[in-house]
Amino acid sequence: MKQVIDLRVPVIDLRKVEVGTEVISSKGFSFILVSREKGKESWLDVATGITWGDTEYEKYTWDDAVAEFKDALPTRNEFKLAREHGAWKVVPSADSWYWSSTEDGNYGAWIENIPGGTQYGYTKYYAGYVRCVVRRSVI
């Protein structure tokens, strides 16, 4: 039987739950732990169909992040949806800045502060973190 955890009430350590566990965020959205390998987790946001990968260990400039991860880099809007769904209370995250795939003019791109929830257009030469996404259609 699938375990369901509701984060709107006090909860256990999510790093210890089994793959397949459904977690309801503090904002009322469902996330499912789809994998845990080598200490890294991936969580599916059921409402959007986006699976959020764990933080990559290295920092990248925006150009290097795009070259390395291509379409797996989340957009500025995907970060916004994740924040609105309460993802950063579920998906493990380093407290830092993460690159989006969304450019801000010729020399900048949008970054997201996790868990702070702010976004800024920033120089592409900054070394920020990356977290990858896998998108699927929601029916």
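**Chatting through the sheet and its rings**

Q: Okay, which strands does helix α2 lie across?
A: Helix α2, residues 76-84, lies across β5 (50-55) and β9, and runs at about 90 degrees to β5. Keep in mind that this is a predicted model.

Q: And what order do the strands of the open sheet come in?
A: There are 6 strands, ordered β1-β2-β3-β4-β5-β9, and the pairing is mixed. The edges are β1 (4-6) and β9 (131-135), each pairing on one side only. On average, neighbouring strands of this sheet are turned by 25 degrees against each other, ignoring direction.

Q: What about β3 and β4, parallel or antiparallel?
A: Antiparallel: β3 (residues 30-37) and β4 (residues 40-45) pair over 6 bridges. S35 stands opposite S42 in β4.

Q: New topic: how many aromatic pairs are there?
A: The structure holds 8. One of them is W97 with Y120, a tilted pair at 5.5 Å centre to centre, with 50 degrees between the planes.

Q: Why does that pair tie together parts that are 23 residues apart in sequence?
A: Because W97 lies in strand β6 (residues 96-103) while Y120 lies in strand β8 (residues 119-123). W97 is partly exposed, with a relative accessible area of 23%, and Y120 is partly exposed too, at 44%.

Q: How about Y98, buried or exposed?
A: Buried, with a relative accessible area of 0%. R131 lies over the face of Y98, at 5.5 Å from the ring centre.

Q: Which rings link into a cluster?
A: Ring pairs link W52, F79 and W88.

Q: And what lies over the face of W110?
A: That's R76, at 3.4 Å from the ring centre.

How values were computed
Residues are numbered from 1 along each chain as its sequence is written. This is a predicted model: local features need pLDDT of at least 70, side-chain atom pairs count only at pLDDT 80 or more; totals for chains, interfaces and linings use all residues. Side-chain values use heavy atoms; hydrogens and water are left out. Two strands pair if DSSP finds at least two bridges between them. Helices (H or I, at least four residues) and strands (E, at least two) are DSSP runs, numbered from the N terminus. Axes are lines fitted to C-alpha atoms, for helices over the stretch in contact, and angles run from 0 to 180 degrees between N-to-C directions. Contact means heavy atoms within 4.5 Å. Rings of Phe, Tyr and Trp (its six-membered ring) pair if their centres lie within 6.5 Å; planes under 30 degrees apart count as stacked, over 60 as edge-to-face and the rest as tilted. Buried means under 20% relative accessible area, exposed over 50%, partly exposed in between (1.4 Å probe, protein chains only). A charge sits over a ring if NZ of Lys or CZ of Arg is within 6 Å of the ring centre and within 35 degrees of the ring normal.
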